[in-house]
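Please consult the sequence and the structure alongside the points below.

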Amino acid sequence: MDNERIAAQLLHHRKARLVQGDPISPPLVSAATYHVPDHTKGGYSYGRAANPTWEELEAQLSLLEAAPVVAFPSGMAAISGALFAMAGPGARIVLPSDGYYNTRLLAEEFLKPLGLHVTYLPTTGFETADFTGISIVFIETPSNPALDVCDIAAVVARARAAGARVVADNTTMTPLLQRPLDLGVDVVVAADTKAPSGHSDVLFGHVASRDVALLDRVRNWRRLSGAVPGAFEAWLVHRGIETLEVRLSRMCATAGVIADRLTRHPKVLAVRYPGLATDPSHAIAKRQMAGFGFLIGFTMADAEIAERFLASCPFVAQSTSFGATHSSAERRARWGDPMPEGFIRFSVGVEPTETLWSAMADALDQA
Ligand SMILES: Cc1ncc(COP(=O)(O)O)c(C=O)c1O
């Protein structure tokens with residue numbers, strides 16, 4: 001189905017279920033307990049098992065993913081839920097060495113001590129790897145923060161041949177820009193904290209899979225681990241997703257313009273953006289993405305110059321995270337990511353393109 005039809009459905013998915021007098025926006029139901037005089041009759045009983053506002057959001061997210069979805073209170077809760085639901089005794093897991101660092105910390109601090117075997121590959125190494133003996137292959141493409149890309153279908157083919165299942169962290173893209181499930185991936189995990197909610201005011205995540213039994217296990221993990229979302233957070237994400245398509249189209253268009261101009265700015269030593277014809281990710285990105293995203297990586301001469309640019313540009317929030325309405329940027333080396341000191345991860349927002357670029361160009365000139 002095309003993105004424009006999905007975007008329209010995201011706004012109207014409740015219509016077929018509405019009756020006279022129902023609110024058009026989903027009701028925000030904050031309830032720990034429900035009226036259950038007869039427990040044999042089913043329905044809602046306790047807030048850790050089910051909530052009507054999560055279910056409204058899951059219905060919307062399912063349209064976005066074209067797959068059943070389980071909602072979680074953060075991207076990391078979704079990643080944990082998928083891995084704990086999938087990993088059996090002695091599971092052998094391959095993770096990206098250059099992806100989101102907290103996924104690696106989860107593996108080092110909690111999966112390895114349980115006896116799971118965890119190894120790492122750079123994102124560009126997955127499509128030629130031998131997965132013999134591996135049970136779970138976890139990819140993140142484009143990777144955060146380096147924006148390297150791997151060929152998802154090629155990774156899936158190799159994983160299948162070895163009998164492994166594939167999990168893809170699709171946070172940097174969203175299903176409107178890349179559809180890992182259509183490329184054969186078993187499970188998608190995502191931080192809706194980023195572009196789907198889109199306003200830097202909520203943490204959220206989800207797991208999507210067309211394997212119904214596996215997703216039931218993920219849902220059961222949520223109930224038993226207690227990693228359940230709040231109703232208000234689910235409501236905020238639902239509201240954010242209504243404008244996801246329109247925000248992404250501005251953000252991606254502006255990112256393309258800015259990435260290209262950055263390549264010609266004398267203060268910028270290197271630029272990574274999958275949409276640049278010269279980028280090492282471009283050939284695969286063109287094949288498997290519907291858009292090149294809103295994240296740009298660029299390198300300035302050193303930390304001081306990069307910090308001067310960040311401090312002086314009036315239309316760039318100096319914050320971590322990405323995917324929001326407002327442009328934001330930071331030096332990733334400040335958190336210990338193995339990137340050059342002057343490397344900036346820039347998340348393009350919905351500011352008018354030329355206004356944003358003109359502020360950036362001035363700040364770069366003066367940095
Ligand atoms: C690629 C990626 N996956 C997962 C997460 C975790 O999301 P959350 O912060 O909502 O737990 C992040 C957060 O930055 C991320 O960048």
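How many nonpolar, polar and charged residues does the lining of the second largest cavity have? That lining has seven nonpolar, two polar and no charged residues, where Ala, Val, Leu, Ile, Met, Phe, Trp, Tyr, Cys and Pro count as nonpolar, Asp, Glu, Lys and Arg as charged, and the others, Gly among them, as polar. The model is predicted, so local features need pLDDT of at least 70 and side-chain atom pairs pLDDT 80 or more, while totals for chains, interfaces and linings use all residues. Residues are numbered from 1 along each chain as its sequence is written, and side-chain values use heavy atoms, with hydrogens and water left out.

**Ligand**
- Among the 15 residues around the ligand, Gly 75, Met 76, Asp 169, Thr 193 and Lys 194 come nearest (a residue counts if one of its heavy atoms lies within 4 Å).
- The shell around the ligand comprises seven nonpolar, five polar and three charged residues.
- A polar side-chain atom of Lys 194 is 2.6 Å from a ligand oxygen atom, and an N or O atom in the side chain of Asp 169 is 2.7 Å from a ligand nitrogen atom.

**Cavities**
- Residues lining the largest cavity (an atom within 4 Å of a point) include Leu 64, Asn 170 and His 206.
- The second largest cavity holds about 30 Å³ of space, and its lining includes Pro 142, Phe 292 and Leu 295.

Terms used. Polar contact = N/O pair within 3.5 Å; in protein donor to acceptor, adjacent residues only side chain to side chain. 1 Å grid on protein atoms, 1.4 Å probe; cavity = no way out; pocket = protein on both sides within 12 Å on 5 of 7 lines; lining within 4 Å. Points joined across faces, edges and corners; volume = space filled by probe spheres on them.
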